[in-house]
Amino acid sequence: MREDAGAKTNAPSRCMRCGVKLEPMRIQFGYLGHTFHTEAPGCPVCGQAYVSEELATGRMREVETSLEDK
Amino acid sequence: MTAGENAERTFSVCPVCLKRLPALRADRGDAVTLERTCREHGFFSAPIWRKRLDFKEWTEDAARLTDGGNPDCPSACGLCASHIRDTCCVLLEVTHKCDLGSCRFCFAGAPRESEPTRGQISAWLRMIVRSGETFLQLSGGEPTTRDDLPEIVAEARRLGCKYIQLNSNGIRLAEEPDYAQALAARGLSFVFLQFDGVNDDIYRHLRGREMLELKERAIQSCGRAGIGVTLVPTVVRGVNDGMLGDIVRFGVARSPAVRGVHFQPACYLGRTPRDISDYDRITIDELLEELYRQCGSAVPRGSLRPSSCDHPLCGFHAGFVALEGGALYSLNRDERRNGDCRADASARSREFIGRRWSRPSAACRASPNHAAAKDAGELTDLDSFLAGSKNHSFTISGMAFQDAGNLDLERLASCSLHVFRDGAMVPFCARYLTPLAT
């Protein structure tokens, strides 16, 4: 699990739907025609991933800025 | 002669007396032309689009001069209430001197004024700089002919300039080994390097001497100092318009020192205020088409987008990441244009340019992630993409300046590149407007 995914103390350790323990998993996301992958805590049963605020406002935001036109 | 039902109304000037005139952008079959008639000097026309791409589509987001703008435009320029864009970049002429005396094209005419003193430049900087915002271009003449240039850079940075660009022919950067480092240490962000081609025939023709090896050394020197270099070719019909792809490849091969190429079709002002044939004018769609053709798959069709900060007929740009081995990864993959014409367009453009033309910090440059990605697949990893887009950013852009022969006041009203002159900000093409000698 990446530091930014587990850094917040209120980050869930279990899947809210399935109740099983989250595990590091590869997640994909797309923006403006590009696809990226990174690692985040995810549910091994239903596949849902937890995107922390740090990831969303940190590296994901950096990607958006890099791709946005002037 | 009728102009066709698709003609668009705008304003221009008589190229001889510079009197403001109503004008039409008229569809003339194989080209769109800017047409106007001066009672004293007659009818004038210049091609502004040669239909290599769709004119309407390219210009659809242009801010229109619906009310005709300021009736005193451009003779009373400074920025006025009718001017559409805020300042993105401020150009300051710190000298009229140049160590290249025989260029065929130069914005600057023969020096008519005394050299600005250091005290004058300090006073100008205090008027120009908005702390944390200003993007300053140090220009001339050749700014490096001033021995106090490093101190000028330091003062601009102390006052709070966010980005400081040096417009240079590269001679001093190449010949004095520690000069680039001295400018970097005082806060220079990047260099706009005059760079017309990849063989010395081009330089002999346009600059009167061989310069390629010198340009190479200037790039290396800036690379060692951590100053980003953008290559700036003046594109001249029949001289280097067949070399656009070679120039891009030359730049990519020198990434990350070289951050991009900024093409400028030749225009006829300053040192070259002559009337020219329609044939000699390179329109922006021709330049785009040639870039696509000469760069092949490295620059995918549609990746070059019109400027949203200036008028679409004034510029274009596209962002890439340079990959190992000289390939490019295009950042513009989506058909949607996510730039816009909001009031903060100039600020957005300033950040876009500054981010892409700067090198990252020394710590970032020294990190293990600094190597170029091997291929596009590697960039699907989030961290590899972020490292690549910072360290190996490569931008292809262009700006088509206007002269008295093709000046469109609608374009001028959207200009965000402003020259500081006599205490006022003047749009670039108004500052250097020169009557054509017919």
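My entries follow, one topic at a time.

**Ground rules.** I worked on a predicted model, where local features need pLDDT of at least 70, side-chain atom pairs count only at pLDDT 80 or more, and totals for chains, interfaces and linings use all residues. Residues are numbered from 1 along each chain as its sequence is written, and chains are lettered from A and ligands numbered from 1 in the order in which they are written.

**Open sheet, chain B.** I took helices (H or I, at least four residues) and strands (E, at least two) as DSSP runs, numbered from the N terminus. I found an open sheet of 4 strands, ordered β1-β2-β3-β4 in chain B, with antiparallel pairing. Pairing requires at least two DSSP bridges between two strands. β1 (8-13) and β4 (42-49) of chain B are the edge strands, each pairing on one side only. On average, neighbouring strands are turned by 30° against each other, direction ignored. Inside the sheet, 4 bridges join β2 (20-27) to β3 (32-38) of chain B. There B:Asp27 stands opposite B:Val32.

**Strand β5(B).** Next I checked β5 (89-93) of chain B: 5 of its 5 residues are buried. Buried means 20 or more other C-beta atoms within 10 Å of the residue's own, exposed means 12 or fewer, and partly exposed lies in between, with C-beta atoms placed from the backbone. B:Cys89, B:Leu91 and B:Glu93 cover one side; B:Val90 and B:Leu92 are on the other. β5(B) runs parallel to β16 (417-421) of chain B, joined by 3 bridges, and B:Cys89 stands opposite B:Leu417. β5(B) also runs parallel to β6 (135-139) of chain B, with 4 bridges. Here B:Val90 stands opposite B:Leu136.

**Helix pair, chain B.** I then looked at α2 (118-128) and α3 (149-159) of chain B, whose axes come within 10 Å and cross at roughly 25°. The axes are lines fitted to C-alpha atoms over the stretch in contact, with angles from 0 to 180 degrees between N-to-C directions. α2(B) and α3(B) are therefore roughly parallel (angles under 35 degrees). Contacts are C-beta pairs within 7 Å, placed from the backbone. B:Ile121, B:Ser122, B:Leu125 and B:Arg126 of α2(B) meet B:Ile152, B:Glu155, B:Ala156 and B:Leu159 of α3(B).

**Chain contact.** Last, I noted that the contact takes 19 residues from chain B and 15 residues from chain A. On the chain B side, α10 (345-357) and α12 (382-391) each supply at least two residues. α12(B) gives the most, with 4 residues.

Notes:
Parallel < 35°, antiparallel > 145°, perpendicular 65-115°, else oblique. Contact = placed C-beta atoms within 7 Å.
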